[in-house]
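User: I'm new to this structure and would like a close look at a single part of it. Could you walk me through the sheet and the helices around it?

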Amino acid sequence: MTNVLIATSEAVPFIKTGGLADVTGSLPKYLDKSKYDVRVIIPKYQCINKELVGTLKYVKEFHISLSWRDQYVGLYEAEYDGIHFYFIDNQFYFSGDKPYSAIYQDAEKFAYFDKAVLDSIKAIGFKPDIIHCNDWQTGLIPVFLKEAYTQDPFYKNIKCVYSIHNMKFQGRWRLDEVRDVTGLPDVAFTNKILESYSEANYLKGGIVCSEAVTTVSPTYAEEITTPMGGEGLDGVMREVKDKGKLYGILNGIDYSKNNPETDEDIDFNYTSRNVKSMKAKNKKALQKELSLPEDSKVFLIGIVSRLTDQKGFDLLAYILYEF
């Protein structure tokens, strides 16, 4: 049995701001339970799904040292859809009506979370073979593991897989500030680990200290090795690629929730056998709902996305008149 811990700042159904939550919340369901014991750990935000708060059960509490700080850690757990979730509780960091704040607040918030994750697995006796880290919010987990936990035999042989969901967001903050909130040794703040353009970069730290790096598709894996797509870290990504550590893996979808045969949010359900006729009916229903001309021959484009230039809407604006 391989133990896997997915560490993430959000996961459905408990807290979601984007696609990261969809991946981390649904991926565990599709791994072979006879081969993998997969668990997920997230912050216990005050703003998590209110309907699910009552399912959380207290496990234990302890304290961790975060540089000169002595901080409380409350650990809760819940099971949802067959997946075991853990929650790190500390309302000093995780209160408020949204999971993310200004970067100067999040720099300490997620330094705390990353260290609390590592101390929590020892506190409950769950030793993962692999910690799957996601985006910059968990970038310090591999760094702590390599630079602060090497003397503790419990953490020996734990490997990290680091997934980049969006290269643009890197968790960059002042070197001295991150040194103050982490207590990591000076070597962690060199350009071999956290330092990047005279700042501390959580994403870079996670990348270089992990055994493998994945991203959301084979094409994006290539894109982030270029100056245009690498967001300043293209050199780091080329080095990772040259070492054979970079993998592009297409994001999957949760078929239990995204299934046109059972989806209650579409007017006409369909399968592969009647997809053409039923999609035509859905198109007409959508045109009617949006007060558009009900014309089966009109080319209809739908986009599910954040409204950001990263998704190409600035390019679309230039050619709209052609349509």
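Analyst: Here is a walk through the sheet, and then through the helices. Please keep in mind that this is a predicted model.

Let's start with the sheet. It is open and has nine strands, in the order β3-β4-β5-β2-β1-β6-β7-β11-β12, and the pairing is mixed. At its edges lie β3 (57–66) and β12 (246–248), each of which pairs on one side only. From one strand to the next, the twist averages 25°.

Now pick out one pair of neighbours. Strand β6, residues 130–134, runs parallel to strand β7, residues 159–164, and five bridges join them. To find one of these strands by eye, look for C133, whose bridge partner in β7 is Y162. Helix α8 (residues 234–242) packs on the sheet, where it touches β7, β11 (212–215) and β12. The direction of α8 makes about 95° with that of β12.

Another helix to look for is α1, residues 19–26. Six of its eight residues are buried, so α1 is largely enclosed by the rest of the structure. Those buried residues are L20, A21, V23, T24, G25 and S26. They pack against β1 (2–7), β2 (36–43) and β6, and this brings us back to strand β6, the parallel partner of β7.

Next comes helix α4, which we can follow through two helix contacts. With α6 (residues 202–209), α4 (residues 140–147) packs at an angle of about 55°, the two axes being 7 Å apart. The two helices are therefore oblique to each other, and α4 passes α6 in a left-handed crossing. On the α4 side the contact is made by L140, P142, V143 and K146, and on the α6 side by Y202, G205, G206 and C209. Sorted by type, the residues of this contact are five nonpolar, two polar and one charged.

The other contact of α4 is with α3, residues 103–124. Here the axes come within 9 Å and cross at roughly 55°, so α3 and α4 are oblique to each other. This time the crossing, in which α3 passes α4, is right-handed. A111, D114, K115, V117 and L118 of α3 meet L140, I141, F144 and L145 of α4. This contact divides into seven nonpolar residues, no polar ones and two charged ones.

Note on methods:
Residues numbered from 1 in each chain as written. Predicted model: local features only at pLDDT ≥ 70, side-chain atom pairs only at ≥ 80, totals over all residues. Heavy atoms only, no water. Pairing = 2+ DSSP bridges. Helix = DSSP H or I, 4+ residues; strand = E, 2+ residues; numbered from the N terminus. Axes fitted to C-alpha atoms, helices over the stretch in contact; angles between N-to-C directions. Contact = heavy atoms within 4.5 Å. Buried < 20%, exposed > 50% of the residue type's maximum accessible area, 1.4 Å probe, protein only. Parallel < 35°, antiparallel > 145°, perpendicular 65-115°, else oblique. Left-handed = near helix turned anticlockwise from the far one by under 90°. Nonpolar A, V, L, I, M, F, W, Y, C, P; charged D, E, K, R; others polar.
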